[in-house]
Every structure is written in C-alpha cells, then in structure tokens.
Amino acid sequence: MEYTTLGNTDIRVSKICLGCMSFGKAGTMHQWTLDEEKSGEIIRHALELGINFFDTANCYSQGTSEEYLGKALKKYASRDKVVIASKVYFNEGRLSKKAIMREIDGTLQRLGTDYLDLYIIHRFDYETPVEETMEALHELVKAGKVRALGASAMYGYQFMNMQLAAEKHGWTPFSAMENHYNLLYREDERELIPICRQMHVSLMPYSPLAAGHLTRPQWNADSLRSRTDRVAMGKYDRMEKEDMKIVARVHELAEKYGVKMQQIAIAWEWAKGVASPIIGATKARYVDEAAGALAVHLSAEDIAYLEEPYVPHPVVGAVSHNPAPGVVLLDVKS
C-alpha cells in the first residue's frame, strides 16, 4: 500500500479509502448492504492490505454502517493506526450548531471511539448560515472530538464561501473534499477541483467506478446491486449512450495492459491528482483489485484517449436546495 497526507494536516492515509456505505442492515437504506459478520471480513481484509482509511456516514443504513465499522476496527486494529471519516447533514437540523453537536456524539457512540479523524459535511445546507456551521465544526476540533474537517459534493462558490468564512474568523478550514468524480462524471473539473487544488485540499472522490459501470464492458450486470440500486440508475442511466464510448475505451486499455477495467479507472484518478478514491466493496476481491491498481501507470496519451469522448453532464452530487426532511437517497430513478 502507498500513503499520502490529507491536505494541510499531519494525517497519513492510504491511497485507497474503504467506503462503508456497503455495510449495514439490509433494507434500512439499500437492499445489497452486508451484515455485521460479512462487513467485518471486508474491513479486516482491507486492513491486511494496508488500507487505514475508512469512510462512513451517520445516515448510512440508519447508523448500522458506523456500528459495524466501529466494532470491526476495535476487533482488528489499534485506534491510532486507522483514520476514520464520517459525515453529517442528512439529519434533523442539517448543519445547524445544535444538529452538529448532537450528531457528532451519536456518531462517536456508534463507532465506539472518542474522536473522529475527519468529519465531513455531506452536502451544503441552504438553511443554516455558513458562519454557524463553520464555527460549530471548529468547536469540535478545539474540543478534541474531531482532528480535521472535510466537505462533500457542492458547488465551487459554496465551498469557497465556507473556506473564506473559516479564514476570516480563524476557524479550522476544510482539508478534504469528497466529491463525485470519475471518468463518466467530470463536471467538478470546471470549478470545484481547481479551488481545492488552490487551497491544498485533498480529493477523496466517491463513486470512482461509477457504480460499477467502469468495471465491465456492458452497462448492466446481474448483481443484486445492479438490479436494485435506483440511486445508481438515477445518477448514470440517462447518459448511458454517451458514456458507453468511454467504457469501451477503458475496456480497450485494460485488455492492452492485461489488467482489470477498474484498475484503469482508479489509476486515472491518481493521475488526476486524487489523494484517495473511495472504494466500496461487497467482496474481498474487489479490495484486492483496487489495491492492484497501484501497479498501473497510465501515460499522458492513455489519459487523453480515455477523456476524449466525454461530453457535459447534468450535475449529479451538488444539490440546488435542501431535500425534504427524512430524504437520504438522492437522484433516485423512479
């Protein structure tokens, strides 16, 4: 495994982050999530490969994702050897000070730890003043409950405004951005990613394999997730015709180099300056394949060839308003 430093912090993370949305009680969010025992097996395997970075959220499977992760890490790792990230927003009160103070305690209790390494705001809150959110997050850092802060999918101007508020008041800025970024979705290259680079904010994109579309030459698969994940369908299906041209090129390069398609897609992420793409896994071999991508090095010609068919896409990730109370799943295909 290889490691990198998160933003301007002293936190060292593996260049693969294990996404924990795949873990949790099935039916509480998705039908395809793994139970506690199977989740633990994947987490243990990731640790054996040298992965020390784990990303979850308070809303994943009604908190059971955090519970399963916390129990597995307590069983298989020392707390000071792992980096745990969780998120806040899809909850009552969104990013208000009251909500943040309540939600961090719930997250820490479910994870069975007294601090988080990285606390991420899951979306931009249109109802809470930016200053209230940033000051509350800073208080968590001062209190020792959180080591560093991150943000997730939002518009570039929103992220910039939050960073400027922190700078103006001497509060803790964001060190990481968990945005939607892969070969099939590159809209953040316009504004958000350049802002992150300017501010030395590490990129840790979610969905680097586009919900599996970058792992196979055909669009659909016969897996439980492919059949039931209506969020993935809502995010990607409308651009299937255009995106299959890119999928075909990923397949072509994978054949050329004798590697997996997902390894081409992940290697592209690192070539674009990503610190640690978030890999979700329901099987141990998926983690092995992701780690194997470290041996894949794409040329400038390869990168240009992969990127050339891309066309502008509708925005998927950043929200234009707060969703209705209780809504956790966005972009769901009806």
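In this predicted model, Arg-12 lies in strand E2, which spans residues 12–14. Arg-12 is partly exposed, because its relative accessibility of 44% falls between the cut-offs of 20% and 50%. Its side chain joins that of Thr-5 through a polar contact of 2.8 Å. Leaving out residues up to four places away in sequence, Arg-12 touches Tyr-3, Thr-4, Thr-5, Asn-52 and Val-83. Val-83 is 71 residues from Arg-12 along the chain, yet the C-alpha atoms of the two are separated by 8.1 Å.

Thr-128 sits in a loop. This loop runs between strand E6 (116–121) and helix H4 (130–143). Thr-128 has a relative accessible area of 11%, so the residue counts as buried. A polar contact of 2.5 Å links the side chain of Thr-128 to the side chain of Asp-125. Beyond its neighbours within four places in sequence, Thr-128 is in contact with Gly-93, Leu-95, Ser-96 and Thr-133.

Charge pairs were examined next. Side chains of opposite charge can pair when their charged atoms come close. The structure holds 17 salt bridges. One of them joins the side chains of Lys-97 and Glu-139, with an N to O distance of 3.4 Å.

Arg-186 takes part in two of the pairs described here. With Glu-189, the closest N and O atoms are 3.1 Å apart. With Glu-307, the corresponding distance is 3.7 Å. The pair of Glu-307 and Arg-186 links distant parts of the chain, 121 residues apart. Glu-307 belongs to helix H12 (residues 300–307), while Arg-186 is in the loop between strand E8 (174–178) and helix H6 (192–198). Arg-186 is buried, at a relative accessible area of 11%. Glu-307 is also buried, at 15%. Glu-189, in contrast, is partly exposed, at 27% relative accessibility. Elsewhere, salt bridges link Asp-10, Arg-79, Asp-117 and Arg-147 in a network.

Aromatic rings form a further set of contacts. The count comes to five aromatic pairs. In one, the ring centres of Phe-124 and Tyr-126 are 5.1 Å apart and the planes meet at 85 degrees, so the arrangement is edge-to-face. Phe-124 is buried, with a relative accessible area of 12%. Tyr-126 is partly exposed, at 32% relative accessibility. Another pair consists of Tyr-181 and Trp-268, whose ring centres are 5.2 Å apart. Their planes stand at 50 degrees, so this pair is tilted. Tyr-181 is buried, at 0% relative accessibility. Trp-268 is likewise buried, at 0%.

Charged groups also sit over aromatic rings. Arg-94 lies over the face of Tyr-89, at 4.8 Å from the ring centre. The charged end of Arg-249 sits over the ring of Tyr-305, 4.2 Å from its centre.

Notes:
Residues are numbered from 1 along each chain as its sequence is written. This is a predicted model: local features need pLDDT of at least 70, side-chain atom pairs count only at pLDDT 80 or more; totals for chains, interfaces and linings use all residues. Side-chain values use heavy atoms; hydrogens and water are left out. Helices (H or I, at least four residues) and strands (E, at least two) are DSSP runs, numbered from the N terminus. Buried means under 20% relative accessible area, exposed over 50%, partly exposed in between (1.4 Å probe, protein chains only). Contact means heavy atoms within 4.5 Å. A polar contact is a pair of N or O atoms within 3.5 Å; within protein, one must be able to donate a hydrogen and the other to accept it, and residues adjacent in sequence count only if both atoms are side-chain atoms. A salt bridge is a side-chain nitrogen of Lys or Arg within 4 Å of a carboxyl oxygen of Asp or Glu. Rings of Phe, Tyr and Trp (its six-membered ring) pair if their centres lie within 6.5 Å; planes under 30 degrees apart count as stacked, over 60 as edge-to-face and the rest as tilted. A charge sits over a ring if NZ of Lys or CZ of Arg is within 6 Å of the ring centre and within 35 degrees of the ring normal.
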